[in-house]
Amino acid sequence: MISLKSLLTEGAALTNDFMQKVMQWENGIKAGWNSKKKRWFPHRSVEGGTGTIAYGHKLTADDIASGRFAKGITQADAERLLKDDLFTASKKALQMVPNYQSLPDNVRQALINAAYRGEIKSSHKTIKLMNAGKWSAAAAEYLNNAEYKSRSGVRERMDWNHKQFLTMAKGKDTTKEKPEPQSTKAPKTYTVKSGDSLSVIASKYKTTVDSLKRANNLKSDMIKPGQKLIIK
């Protein structure tokens, strides 16, 4: 049974900053928003497929049959609905990862984010690795995902989650990163392969996306097969 203390701890991770991130990832293009009526209306998900409203809330058969959202909802209603959905996702995360309450807020937020989108489930290898304390391997496995490799629209969100998971392997919080020590060793080089991303490469060489971008003077996360990268 989930205690009240557990629920309060989960709720603490749902900060305004995190909510704003999820809003942008879920529906930055504001699909379904009627600017004249100042209301959100049901629409097909941004990725295409199931009916949703506002920030990724999936419509149930009862929602559709009852016409619950037929007249639309206000922005305040949309934010409350998202917070309720994320709270439900946090309870799923708590059930999947027993030591969830002891994790830093940024890692709990990443777990909530991934659970909300259905990218992690209790049967997934990623969760098993996390519960074994193998966070580096778990972070790499998390991106070993067909959706991540084939659909650029989900990568920004998954890259952010991946970065938070890696902080557990490095024993640091991304909000308080320290300057990386200068190395006297010659830098490694890596030739980009099809399906690679900066996150995948960073995980493989135990570095960060920001470090790769700085070392290679990259202005964006875009890379292409055959491109040579300096690994520091």
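In the predicted model, threonine 167 is located in helix 9, which covers residues 155-170. Threonine 167 has a relative accessibility of 4% and therefore counts as buried, the cut-off for that class being under 20%. A polar atom of the threonine 167 side chain is found 2.5 Å from the backbone oxygen of glutamine 164. Asparagine 106 is 61 residues away from threonine 167 along the chain, and the C-alpha atoms of the two residues are separated by 9.0 Å.

Helix 9 contains 16 residues; at 1.5 Å a residue it should span 22 Å, and the distance of 22 Å between its end C-alpha atoms agrees with this. Besides Thr167, the buried residues of helix 9 include Arg157, Met158, Asp159, Trp160, Asn161 and His162, as well as Gln164, Phe165 and Leu166. The elements that cover these buried residues include helix 2, helix 5 (105-116) and helix 6 (125-131). Helix 7 (135-142), helix 8 (146-150) and helix 10 (198-204) are also among them.

The axes of helix 2 (residues 16-27) and helix 4 (residues 75-96) come within 11 Å and cross at roughly 100°. Because angles of 65 to 115 degrees count as roughly perpendicular, helix 2 is roughly perpendicular to helix 4. On the helix 2 side, the contact is made by Phe18, Met19, Val22 and Met23. These residues meet Gln75, Glu79, Leu82, Lys83 and Leu86 of helix 4. Sorted by class, the residues in this contact are 6 nonpolar, 1 polar and 2 charged.

Key: Residues numbered from 1 in each chain as written. Predicted model: local features only at pLDDT ≥ 70, side-chain atom pairs only at ≥ 80, totals over all residues. Heavy atoms only, no water. Axes fitted to C-alpha atoms, helices over the stretch in contact; angles between N-to-C directions. Helix = DSSP H or I, 4+ residues; strand = E, 2+ residues; numbered from the N terminus. Parallel < 35°, antiparallel > 145°, perpendicular 65-115°, else oblique. Contact = heavy atoms within 4.5 Å. Nonpolar A, V, L, I, M, F, W, Y, C, P; charged D, E, K, R; others polar. Buried < 20%, exposed > 50% of the residue type's maximum accessible area, 1.4 Å probe, protein only. Polar contact = N/O pair within 3.5 Å; in protein donor to acceptor, adjacent residues only side chain to side chain. Expected span 1.5 Å × (residues − 1).
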